[in-house]
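Okay, everyone, let's get going.

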Amino acid sequence: MAFETLLKHKKAFVFGLDDVLYPKKDYLLQVYYLFSEFMAYTEQLDSGAMIAFMQNEYLTSGAEAIFDKTAKQFAIDSKYRHNFDLLHENARLPLKLLLYKQVLALMQEIVVERKQIFILADGNPAEEINKIKQLEWNGLEQYLKVYFTAEFEPKPSTESIDFLSEQNGLSIDDMAIIGANERDEQFAVVLGIEYFDVTKLL
């Protein structure tokens with residue numbers, strides 16, 4: 001379904017966060033950079049070589065086990081895993097995170113039409129809040145309400161959406177989910193909510 005049709009018929013739009021509003025790699029690669037700088041400072045390791053390794057690992061294999069792979073490659077003590085994990089929650093990024101231009105335009109359209117915008121973020125709430133704080137919202141932040149799936153039963157449970165709709169006086173028919181992968185689409189199917197795949201615009 002075209003977004004224009006959804007915009008006309010729906011009252012509220014539920015966006016995911018990572019790879020829906022902005023590229024997740026823009027956050028993670030900055031976290032890896034900060035970790036490599038920290039290791040250079042504390043253990044005199046080669047930060048340039050480390051960030052190059054981590055970036056390559058992420059782009060080829062994703063974020064899973066990236067600390068373990070990096071620790072093995074550079075003989076990093078396991079005690080630094082805590083620092084690595086903590087950086088994901090509280091890193092002050094060198095660069096602001098930027099919304100996808102097309103998504104920014106969609107959200108601005110929604111605001112102009114006086115419809116509601118929700119963010120339903122997966123993952124660790126502390127990390128998700130840190131990302132949200134460092135996104136450049138272009139004034140949209142005043143129109144957002146944020147919820148975290150970690151505070152409810154895991155997807156595909158409908159508990160998070162049930163709570164969101166009840167809190168905001170919405171029915172399933174009032175809402176659309178904006179996602180970026182098959183898991184998001186399956187969640188929408190389970191809920192019986194209209195789904196829009198943002199990757200079609202990117």
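**A walk through the model**

So, the overview: the protein chain has 9 helices and 7 strands, where helices (H or I, at least four residues) and strands (E, at least two) are DSSP runs numbered from the N terminus. Please keep in mind that this is a predicted model, so local features need pLDDT of at least 70 and side-chain atom pairs count only at pLDDT 80 or more, while totals for chains, interfaces and linings use all residues. Residues are numbered from 1 along each chain as its sequence is written, and side-chain values use heavy atoms, with hydrogens and water left out.

The C-alpha trace spans about 60 × 30 × 25 Å along its principal axes. Of the 202 residues, 47% count as buried; for accessibility, buried is under 20% relative accessible area, exposed is over 50%, and partly exposed is in between, with a 1.4 Å probe and protein chains only. Contact here means heavy atoms within 4.5 Å. Taking contacts between residues at least 6 apart in sequence, 71% join residues at least 24 apart.

Now the inside. A nonpolar core is a set of buried Ala, Val, Leu, Ile, Met, Phe, Trp, Tyr and Cys residues joined through side-chain atoms within 4.5 Å. Which residues touch the most other members of the largest nonpolar core? They are Phe 15, Tyr 32, Phe 35 and Trp 137, out of 54 residues in that core. Helix α2 brings the largest share of this core, 7 residues. Then there's a second, separate core of 15 residues, which includes Ala 12, Phe 118, Leu 120 and Tyr 147.

If you leave aside neighbours within four places in sequence, Phe 35 is in contact with Met 50, Met 54, Phe 67, Ile 76, Tyr 80, Phe 84 and Leu 87.

On to pockets. Rolling a probe the size of a water molecule over the atoms shows where empty space is left. On a 1 Å grid over the protein atoms alone, a pocket is an open set of points where a 1.4 Å probe fits, with protein on both sides within 12 Å along at least five of seven lines, and lining residues have an atom within 4 Å of a point. Grid points are joined across faces, edges and corners, and the volume is the space filled by probe spheres set on the points.

The largest pocket holds about 230 Å³ of space. There are 18 residues in its lining, and Gly 16, Leu 17, Asp 122, Lys 155 and Asp 184 lie nearest its centre. Which element gives the most to that lining? That's α9, with 3 residues. At least two lining residues each come from β1 (12–15), β3 (116–121), β6 (175–179) and α9 (182–191). By class, this lining has 10 nonpolar, 2 polar and 6 charged residues; Ala, Val, Leu, Ile, Met, Phe, Trp, Tyr, Cys and Pro count as nonpolar, Asp, Glu, Lys and Arg as charged, and the others, Gly among them, as polar.

The second largest pocket comes to about 180 Å³. It has 13 lining residues, with Tyr 32, Ala 63, Ile 66, Phe 84 and His 88 nearest its centre. Here α5 supplies the largest share, 4 residues, and α2 (24–43), α4 (66–74) and α5 (81–90) each supply at least two. The classes are 7 nonpolar, 1 polar and 5 charged.

Last topic, charges. Side chains of opposite charge can pair when their charged atoms come close. The structure holds 8 salt bridges, meaning a side-chain nitrogen of Lys or Arg within 4 Å of a carboxyl oxygen of Asp or Glu.

Arg 183 and Asp 122 meet in one of them, at 3.5 Å, N to O. That pair links distant parts of the chain, with Arg 183 in helix α9 and Asp 122 in the loop between β3 and α7 (125–133), 61 residues apart. Arg 183 is partly exposed at 46%, and Asp 122 is partly exposed at 23%.

Asp 18, Glu 127, Glu 128 and Lys 131 are linked in a network of salt bridges.
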